[in-house]
Amino acid sequence: MQTAAPIAILVMLAILVFCVLSARLFRAKALRMAKRLRQSPSGQDRAAALPALVLDYARRAGAEVGAGLCAVEFRQSAEMRLKRGGLMKTLTARQTVAVGSSGFLWWARQGWGPFTRFRVIDAFVGGEGLLEVRLLGAIPVVKSRGVETSLAEAYRYLAELPMAPDAILGNPDLHWRMTEDGGAEVRLETRVGTARVLFRFDAQGDIVAMEARERPDRDAEGRPVRYDWRGRYGEYAQVGERRLPSYAEVGYVYPDGYEIYFRGRIRDYKTVRQ
């Protein structure tokens, strides 16, 4: 019995050291991904290839190409369901989006008072998708990668183009076309398949909605499924150097109806130049 207390203390110290080191390594992974995106190529002027409605949106937002502009970054306050039907959880996040190539990193934190309950990496970098969630920023609870995850993250990159107008103007990987009903579809070819997102515009030419068919997801048992995907954008404002939808929300169309799982607001915005 006399040795039980010292052993328990040593075990607790070992667990603490493991958590601290693991959290640091996880953060280092996010920093490496962000650095890679910040070093991506500058955008090319794709104005001649864009439909007039899309080009007008990018220009009114203040988008530009060249001058070493390779990425944009913004902070978000957000709410997210961690499982279908669950309560919305408050998060804060920083996002880096490539301009001249297709990629992003969403580095998020759910707080618990002064402590971190969860850290999240949601990313599409180098054509590969990753979703990783760690309890206390250290203990893995979700890790998803592979074909379905990569394709799902490619969809997300496209859906967030309204918040990265420089990529609309400058990313040569994107292929745009107008649809018969007045929408604008953007297509991205990846190593694991084709991602397509359709944007809807209001009378002023602002993007107000997004639609996509059969985006990869997982059901409650972790099995791969595909659901139609919907989003909405609003509260346009000048945020830093760009005019953007400062609010966005997305959700899935499940067999029994539509449910929002994410909504967020942009708090600041900056361009990244080499």
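Q: What's the relative accessible area of R223?
A: R223 comes out at 48%, which means partly exposed. This is a predicted model, and the figure is computed from it.

Q: Which residue does R223 form a salt bridge with?
A: With D219; the closest N and O atoms of the two are 2.8 Å apart.

Q: And D219, buried or exposed?
A: Buried, because D219 has a relative accessible area of 18%, and the cut-off for buried is under 20%.

Q: How many salt bridges does the count come to?
A: The count is 28.

Q: OK, D256. Which residue is its salt-bridge partner?
A: R84, with 2.2 Å between the closest N and O atoms.

Q: Is D256 buried or exposed?
A: D256 counts as exposed, because its relative accessibility is 63%. For R84 the relative accessible area is 45%, so R84 is partly exposed.

Q: Switching to E185. Where is it?
A: E185 is part of strand β8, which covers residues 184-190. At a relative accessible area of 13%, E185 is buried.

Q: Which residue does E185 meet in a salt bridge?
A: The side chain of R177, at 3.1 Å from N to O. R177 has a relative accessible area of 45% and is therefore partly exposed.

Q: What else is E185 in contact with, leaving aside neighbours within four places in sequence?
A: Besides R177, the contacts of E185 are H175, W176, T179, R196, V197 and L198.

Q: Where does L198 lie?
A: In strand β9, residues 193-201. L198 counts as buried because its relative accessibility is 14%.

Q: And which residues does L198 contact, skipping those within four places in sequence?
A: T179, G183, A184, E185, A209, M210 and E211.

Q: How far is L198 from R36 in the model?
A: Their C-alpha atoms are separated by 28 Å, and along the chain L198 and R36 are 162 residues apart.

Q: You mentioned R177. What about P51, which residues is P51 in contact with beyond four places in sequence?
A: R177 is one of them; the others are W176 and M178. P51 itself is in the loop between α1 (4-38) and α2. P51 counts as buried, because its relative accessibility is 12%.

Q: On to α2. Which residues are buried there?
A: In α2, which spans residues 52-61, the buried ones are V54, L55, Y57, A58 and A61. Viewed down the helix axis, the buried residues lie within an arc of 155 degrees, so they line one face of α2.

Q: Why would residues three or four places apart point the same way?
A: Because an α-helix has 3.6 residues a turn.

Q: What's exposed on the other side of α2?
A: A52 and R59.

Q: New topic: T149. Which helix is it in?
A: T149 is in helix α3, residues 147-159. Its relative accessible area is 8%, so T149 is buried.

Q: Which side chain does the T149 side chain make a polar contact with?
A: That of S144, at 2.5 Å.

Q: What does T149 touch, not counting residues up to four places away?
A: S144 again, plus G129, L130 and L131.

Q: Last one. Which residues make the nonpolar surface patch?
A: F18, W112, F115, L136 and I139, with an area of about 530 Å².

Q: Where is I139 found?
A: In strand β6, residues 139-145. I139 has a relative accessible area of 31%, so it is partly exposed.

Methods. Residues numbered from 1 in each chain as written. Predicted model: local features only at pLDDT ≥ 70, side-chain atom pairs only at ≥ 80, totals over all residues. Heavy atoms only, no water. Patch = residues over 30% accessible without salt bridge, like charges linked within 9 Å, V, L, I, M, F, W, Y side chains within 5 Å. Areas by Shrake-Rupley, 256 points an atom, 1.4 Å probe, with all protein chains shown as cover. Salt bridge = Lys/Arg side-chain N within 4 Å of Asp/Glu carboxyl O. Helix = DSSP H or I, 4+ residues; strand = E, 2+ residues; numbered from the N terminus. Buried < 20%, exposed > 50% of the residue type's maximum accessible area, 1.4 Å probe, protein only. Polar contact = N/O pair within 3.5 Å; in protein donor to acceptor, adjacent residues only side chain to side chain. Contact = heavy atoms within 4.5 Å. Arc of directions from axis to C-beta.
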